Amino acid sequence: MGLDQEACAAASHTLKRLCHEMHQLERAWAAVLPPPTGLHALGAVVSAPLEELVSQLLEMRHISDADSSTLGSLLAPLIE
């Protein structure tokens, strides 16, 4: 991924889209759900795809330095 610009661009676009959708959900749910309920629901929605991603990353035998750096850059917005 680190050396494959097309894959990197696709992953970046997907994660930006995920962040955008999560912010949209957060705003929509804030209008109708109490904060603790909204945060719990948003956490559940985010956890499912991230658990799958982490599972797949942990199954990898080797991650190059370039891929590791790229993954770190791509995932950073999700933990902000």
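The model is predicted, so local features need a pLDDT of at least 70 and side-chain atom pairs count only at pLDDT 80 or more, while totals for chains, interfaces and linings use all residues. Residues are numbered from 1 along each chain as its sequence is written, and side-chain values use heavy atoms, with hydrogens and water left out.

## Overall form

The chain has 3 helices and 0 strands. Here helices (H or I, at least four residues) and strands (E, at least two) are DSSP runs, numbered from the N terminus. Starting at the N terminus, the order of the elements is α-α-α. Along the principal axes, the C-alpha atoms of the chain fill a box of roughly 45 × 20 × 15 Å. The radius of gyration of the chain is 15 Å, whereas a compact globule of 80 residues would have a value near 12 Å. This radius is taken over C-alpha atoms, and the globule rule is 2.2 Å times the number of residues to the power 0.38.

Of the 80 residues in the chain, 15% are buried. A residue is called buried under 20% relative accessible area, exposed over 50%, and partly exposed in between (1.4 Å probe, protein chains only). A contact means heavy atoms within 4.5 Å. Among contacts between residues at least 6 apart in sequence, 55% join residues at least 24 apart.

| Helix | Buried residues (under 20% relative accessible area) |
|---|---|
| H1 (residues 5-30) | Ala11, Leu15, Cys19 and Met22 |
| H2 (35-59) | Gly38, Leu42 and Leu57 |
| H3 (residues 65-75) | Asp67, Thr70, Leu71 and Leu74 |

Seen down the axis of H3, the buried residues of this helix fall within an arc of 100°, so they line one face of the helix. The arc is that of the directions from the helix axis to the C-beta atoms. Asp65 and Ser73, on the other side of H3, are exposed. The cover over the buried residues of H3 includes H1 and H2.

The buried residues of H1 pack against H2 and H3, and what covers those of H2 includes H1 and H3.

The expected span of a helix is 1.5 Å times one less than its number of residues. H2, with 25 residues, reaches 36 Å from its first C-alpha to its last, close to the expected 36 Å.

A salt bridge is a side-chain nitrogen of Lys or Arg within 4 Å of a carboxyl oxygen of Asp or Glu. By this rule the count is 1 salt bridge. Glu21 forms a salt bridge with Arg17, and their closest N and O atoms are 3.3 Å apart. Both residues lie in H1, 4 residues apart, which is about one turn of the helix. An α-helix has 3.6 residues a turn, so residues three or four places apart point the same way. Glu21 is partly exposed, with a relative accessible area of 30%.

## Two residues and their contacts

Ile63 lies in the loop between H2 and H3. With a relative accessible area of 32%, Ile63 is partly exposed. Leaving aside residues up to four places away in sequence, Ile63 touches Leu57, Ser68 and Leu71. Ile63 and Leu39 are 24 residues apart in sequence, and their C-alpha atoms are 33 Å apart in space.

Leu75 lies in helix H3 and counts as partly exposed at 23% relative accessibility. Not counting residues up to four places away in sequence, Leu75 touches Leu15, Leu53 and Leu57. Leu75 and Cys8 are 67 residues apart along the chain, and their C-alpha atoms are separated by 12 Å.
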